[in-house]
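Welcome! Please take a look at the sequence and the 3D structure shown here, and keep them open while you read.

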Amino acid sequence: MKKNKARSRFIVACVAPATILAIIFLVIPTFNVFRMSLFRWGGYSPNQEFVGFNNFITLFKDKNFFQACRNSILLIVTVTVITICFALLFAAILTREKIKGQNFFRVVFYIPNILSVVVISAIFSAIYDANYGLLNSILGFFRGEADPVYWLGDQKVVIYSLVIAMVWQAIGYYMVMYMASMASIPESLYESANLEGASRSRQFFSITLPLIWTNIRTTLTFFIISNINMSFLFVKAMTGGGPDGATEVFLSYMYKQAYTNSTYGYGMAVGVVVFTFSFALAAVVNKVTKREALEF
Amino acid sequence: MNNQENIVGQKSNALAKAGIYIVLGLLTVVIVIPVAWVFMASVKQNSEFYGNPFALPQGIHLQNFVDAWTTARMGDYFMTSILVTAMALLVLLVVSLPAAYVLSRYKFMGSRLLNTGFMAGLFINVSYIVVPVFLMFVSGDKLLNSMFGHSFFLNNPFMVAVVLASTSLPFTIYLLSGYLATLPKDYEEAAYVDGAGYFTTMVRIILPMAKPSIITVILFQFLAYWNEYIISMTMLTDPNGARTLPVGLLNLMKAQNAKAEYGQMYAGLVLVMLPTLVLYMCVQKQLTEGMTLGGLKG
């Protein structure tokens, strides 16, 4: 009986701090996102007015929000596809081929992942600078320096400039991820494929890809959710959503409405829609990519 | 005949090999050059930025670092960053270790609910809740101001650390309890037989065995906290008050557009990058291995 009491006391003492912190800083704010999306509130004033689904109705007529959607979806699709393809390619090269300095390449490719998004944004701002940037000075050799490309100033170009920066940041992380799962594929499969005379690319598509498919699926789902977050971090540090909304994305629009613009309730409505969208998309991708799991 | 085929095969093999090295080399260049360029730019004089960006610096202009450290207040920001990162790591470990231990190794009323709850927390992204947390602090400060005459929550590095630690609780608990669950139960039973209490057993027996996973957590969260900027930017609003390095750098970037203090900015960039790069060079093996141990991060 006494032992039981001590046990309960110990359990409570261990679990309580984490639970309390999680409730204050995770559960309540999340609950507030959903609740406040039904209110009209500036954030600072005491009067909160319940408006039902009005925020959502305004939202679905909001042209700026649709531009943010377009940009976000473009970023999700292009960055995800490009990053995963490159990551798979380099992971396959580094695990399958006998290469000198394999470890060196792995270490170097992972570097962008340990840098702050602020640092990466500053680096890419320097690269993209129209007059004294690295990229234009290289391009200057080929096309003359008379009319520079405005990588961050041209509304049509700027989103692709973001894509490049985001791919640059993400490749190493996913490559290391895939390398780990590729390394667990038994060597004997490749040996017999070699005897049969299967080419490198054939081996990649018929052995490597199917066997790490489960891993690719998981990363894909996570990638979509994290991409929505990463694009916010990049946009906030690099372009601020500009020029003229050309790089506004889901969460940067939400942040702008809720924090900068002081239309808090409206911003939270954006948050609810984005939250729902991201999980729906992840679920759909998860469903579509479902294959029968192969075992070694 | 056979021999000829062999030679052709070898030739195409050598060609493929060369192609592979070219591709690898290209990506290396694309990653290394921009980072190296920042280090080079950080010792250039301001006038050198109006010209060929690939030109080598005319001299080692270390004044940039002095200016960044004092004029641009990067020194203060550096200290704030160290403070916030250290406090957040401390809070995280003190809170998450006991919780992960109990959640992974004890059955009690509500243990399943708590486990599921923390798993669900993995899906809550900081970017969604940063403004609600900010407003919670605003109203908390209003209350304190009316009662005691000064505020506490906003512009307080300690509160930033607490928010950072709390928001990484689900991932940390997930990672730690995954590891702790694999340790055999015998250790605790032996400890109880020897008369050790619950607390002693946890601190003396179990936690030392969890060292690899604790190190992984520290490495990852150090990088995450050091590099983080959305929470600190939102919670530290006073322009003359405390700021973390990334936030200070962000402001310098914006000011730089107007004033053109390039040298200072690149010196500031080096200050942010250097600690993470040095750490990475020392522990890159644990870091990339730990990543697969912990599964995915969101």
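This is a predicted model: local features need pLDDT of at least 70, side-chain atom pairs count only at pLDDT 80 or more; totals for chains, interfaces and linings use all residues.

Residues are numbered from 1 along each chain as its sequence is written, while chains are lettered from A and ligands numbered from 1 in the order in which they are written.

**Chain A as a whole**

- Chain A has 12 helices and two strands; helices (H or I, at least four residues) and strands (E, at least two) are DSSP runs, numbered from the N terminus.
- Starting at the N terminus, the order of elements in chain A is α-β-β-α-α-α-α-α-α-α-α-α-α-α.
- Chain A is more spread out than a compact globule, because its radius of gyration is 24 Å, well over the 19 Å that the globule rule gives for 296 residues. The radius is taken over C-alpha atoms, and the rule is 2.2 Å times the number of residues to the power 0.38.
- Along the principal axes, the C-alpha atoms of chain A fill a box of roughly 85 × 75 × 35 Å.
- Of the 296 residues in chain A, 42% are buried. A residue is buried if 20 or more other C-beta atoms lie within 10 Å of its own, exposed if 12 or fewer, and partly exposed in between, with C-beta atoms placed from the backbone.
- Among contacts in chain A with a separation of 6 or more, 69% join residues 24 or more positions apart. Two residues are in contact if their C-beta atoms, placed from the backbone, lie within 7 Å.

**Helix H11 of chain A**

- Helix H11 (residues 250-260) of chain A is mostly covered, with nine of its 11 residues buried. Among them are A:Phe250, A:Tyr253 and A:Lys256.
- What covers H11(A)? The cover of its buried residues includes helices H3 (63-96), H10 (213-238) and H12 (264-288) of chain A, together with helix H5 (126-148) of chain B.
- After H11(A) comes A:Ser262, which has a positive phi near 55°.

**Where chains A and B touch**

- The contact takes 65 residues from chain A and 64 residues from chain B.
- On the side of chain B that touches chain A, helix H1 (residues 2-41) of chain B gives the most, with 10 residues.
- That side of chain B has 49 nonpolar, 15 polar and no charged residues. Here Ala, Val, Leu, Ile, Met, Phe, Trp, Tyr, Cys and Pro count as nonpolar, Asp, Glu, Lys and Arg as charged, and the others, Gly among them, as polar.

**Helices H3 and H10 of chain B**

- The axes of helix H3 (residues 74-105) and helix H10 (residues 211-227) of chain B come within 9 Å and cross at roughly 140°. Axes are lines fitted to C-alpha atoms, for helices over the stretch in contact, and angles run from 0 to 180 degrees between N-to-C directions.
- H3(B) and H10(B) are therefore oblique to each other; angles under 35 degrees count as roughly parallel, over 145 as roughly antiparallel, 65 to 115 as roughly perpendicular and the rest as oblique.
- Residues making this contact include B:Leu89 of H3(B) and B:Trp226 of H10(B).
- The contact of H3(B) with H10(B) has eight nonpolar, three polar and no charged residues.

**One residue in helix H1 of chain B**

- B:Ala14 lies in helix H1 of chain B, and it counts as exposed because it has 10 C-beta neighbours inside 10 Å.
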